[in-house]
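Student: Before I use any of the labels attached to this model, I would like to know what each one rests on. Can we go through them one by one?

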Amino acid sequence: MDTQVGIVGAGPAGLLLAHLLRLQGIESVVLEARSREYVEARVRAGVLEQGTVDLLVEAGVGDRLRREGLVHHGLELRFDGQGHRIDLSDLTGGRAITVYGQQEVVKDLIAARLDAGGELLFEVEDVTLHDLEGEEPAVRFRRDGADHELRCAFVAGCDGFHGVCREAIPAGTLSVFEREYPFAWLGILAEVAPSSEELIYCYHERGFALHSMRSPRLTRLYLQCAPDEEIDAWPDARIWEELRTRLATGGGWTLGEGPIVEKGITPMRSFVVEPLRHGRLFLAGDSAHIVPPTGAKGLNLAVADVRVLSDALGRWFAGGDPSGLDAYSDTCLRRVWRVQHFSWWMTSMLHRFPGDDPFDGRLQRSQLRYVSSSRAAATTLAENYVGLELV
Ligand SMILES: Cc1cc2nc3c(=O)[nH]c(=O)nc-3n(C[C@H](O)[C@H](O)[C@H](O)COP(=O)(O)OP(=O)(O)OC[C@H]3O[C@@H](n4cnc5c(N)ncnc54)[C@H](O)[C@@H]3O)c2cc1C
């Protein structure tokens, strides 16, 4: 089997890369460890930056997103029982975010891939990478009990944080930058209309809470919890009680409750490897970097990487110009570190840290009051949240 680009992983990064390459006439094969049903049902991100939406629409995979996505022009910071609206669009010259589930993006990209007759192989096993430093690297894998080898000009490692591509790079080649946070997020998806039209980021003595949504009938809610928390310790009634307590306001607002259809605990981590390239292997998305979800950036960063990578590969295949590929890592890392900082800043402002004393709490409240009352400070949050055009 031969192709121009071997892509490992059919998450947002791998699928979008395959699509953007096809638009330039570049062939690829996408290898995915899980089944189609599994990846299409995996509930994760849901906040798309303006630039992510624009790219999906321009690339012809944004029709349903435009029909069903919920465009938000603001968000709420809630602390001390009071809400403070950040007008994202007013502060950023009209830019906005769109709430549209990651699994919906994945479904749209899979449909586009299969409609175009592109190669997308699910349930592959034992993926290994070879000859990355040569001119014709290979990806070996097993499928339906048989061994296969894919020869290609380049390999894109889009296989997420737990994938094999990053691990295929020889030890000592990559620099690793990492921070673990001493808390996690307990997330639920509930069949109930959202209780607010916009996202609510809530700072509370008992810990952070987030009110979000996936559709007019599905609410997504998160609670800060201990990193080693067991999900079994959180029966539904306890989750709702804790959410009601943290999100409570001085007057009038009530949290709608409904059947919980999904729940899970996500650890919080910041992680970056440098560089994002080794020979003919290019890492993109979560395989190269993880951000804590407070800034809603992981999916958007994966999209930003593959936009740069598809352009660079396009230039190489069009006329052998290596400049885009040579600059890939540095170009992407500038945005990666801006986003790392923003995600860390939002996380630090909104969460309770074990061992925090009243001094820390006063600093956090002061920061929240400043962001909610100063146009300059609010603009910093807004322009990062909707996504910076240039970094
Ligand atoms: C609970 C939660 C909430 C989040 N909320 C947000 C948010 O609001 N906004 C945001 O922007 N981001 C958010 N994120 C982050 C976002 O989901 C990720 O950043 C995004 O999925 C990255 O896309 P990716 O394609 O790089 O990786 P992934 O989506 O992880 O895709 C990697 C793919 O590779 C496959 N794979 C793995 N190993 C192999 C292998 N050996 N062989 C073949 N295939 C393999 C996997 O099955 C997977 O399909 C959230 C994440 C979580 C967990």
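Tutor: What follows takes the labels in turn and sets the values against the cut-offs. Keep in mind that this is a predicted model.

Student: What makes Gln 4 partly exposed?

Tutor: Its relative accessibility is 25%. Buried means under 20% and exposed over 50%, so Gln 4 falls in between and counts as partly exposed. The residue sits in the segment before strand 1 (5–8).

Student: Which residues is Gln 4 in contact with, leaving aside its neighbours within four places in sequence?

Tutor: Gly 25, Ile 26, Glu 27, Cys 152, Ala 153, Phe 154 and Phe 317. Val 155 is 151 residues from Gln 4 in sequence, yet their C-alpha atoms are 8.7 Å apart in space.

Student: How do you know that Gln 4 makes a polar contact with Glu 27?

Tutor: The side chain of Gln 4 reaches the backbone nitrogen of Glu 27 at 2.7 Å. The cut-off for such a pair is 3.5 Å, so this one qualifies.

Student: Why is Thr 219 called buried?

Tutor: Thr 219 has 1% relative accessibility, and buried means under 20%, so the label holds. Thr 219 belongs to strand 16 (residues 218–225). Apart from neighbours within four places in sequence, its contacts include Ile 188, Leu 189, Val 192, His 211 and Met 213. Its side chain also reaches the backbone oxygen of Ala 193, at 3.4 Å.

Student: How does the length of helix 8 compare with what is expected at 1.5 Å a residue?

Tutor: Helix 8 has 22 residues and reaches 32 Å from first C-alpha to last, close to the expected 32 Å. Just after helix 8, Gly 320 takes a positive phi of about 75°.

Student: How do you know that the span of helix 9 agrees with its number of residues?

Tutor: Helix 9 (residues 323–350) has 28 residues, so at 1.5 Å a residue it should span 40 Å; its end C-alpha atoms are 41 Å apart, which agrees. There is also a bend of about 35° in helix 9, at Ser 329.

Student: Which residues touch the most other members of the largest nonpolar core?

Tutor: Ile 7, Leu 129 and Val 139, in a core of 74 residues. Helix 8 (residues 298–319) gives the most to this core, with eight residues. Leu 129 touches Val 8, Ala 138, Val 139, Val 155, Cys 165, Ala 168 and Leu 281, not counting residues up to four places away in sequence. Apart from this core lies another, of 34 residues, among them Leu 77, Tyr 222, Met 268 and Met 349.

Student: Why would nonpolar side chains be found together at all?

Tutor: In soluble globular proteins, nonpolar side chains tend to be buried together.

Student: How many residues surround the ligand?

Tutor: There are 33, and the closest are Glu 32, Arg 42, Gln 102, Asp 286 and Leu 299.

Student: What distances separate oxygen atoms of the ligand from backbone atoms of Ala 13, Gly 298 and Lys 297?

Tutor: For Ala 13 the distance is 2.9 Å, for Gly 298 it is 3.0 Å, and for Lys 297 it is 3.4 Å. The limit is 3.5 Å, so each of these pairs counts as a polar contact.

Student: What makes the peptide bond from Glu 274 to Pro 275 worth a note?

Tutor: That bond is cis, with omega near -5°. Pro 275 is placed in the loop between strand 17 (260–274) and strand 18 (277–278). Most peptide bonds are trans, and most residues other than glycine have a negative phi.

Student: Which phi values do Glu 123 and Asp 144 take?

Tutor: Glu 123 has a positive phi of about 55° although it is not a glycine; it is in the loop between strand 8 (119–121) and strand 9 (125–130). Asp 144, also not a glycine, has a positive phi of about 50°. Its loop runs between strand 10 (138–143) and strand 11 (146–151).

Student: Is Asp 144 buried or exposed?

Tutor: Its relative accessible area is 73%. Exposed means over 50%, so Asp 144 is exposed.

Definitions and conventions:
Residues numbered from 1 in each chain as written. Predicted model: local features only at pLDDT ≥ 70, side-chain atom pairs only at ≥ 80, totals over all residues. Heavy atoms only, no water. Core = buried A, V, L, I, M, F, W, Y, C linked by side-chain atoms within 4.5 Å. Buried < 20%, exposed > 50% of the residue type's maximum accessible area, 1.4 Å probe, protein only. Helix = DSSP H or I, 4+ residues; strand = E, 2+ residues; numbered from the N terminus. Contact = heavy atoms within 4.5 Å. Expected span 1.5 Å × (residues − 1). Bend = angle between axes of the 7 residues up to and from the residue. Near = heavy atom within 4 Å. Polar contact = N/O pair within 3.5 Å; in protein donor to acceptor, adjacent residues only side chain to side chain.
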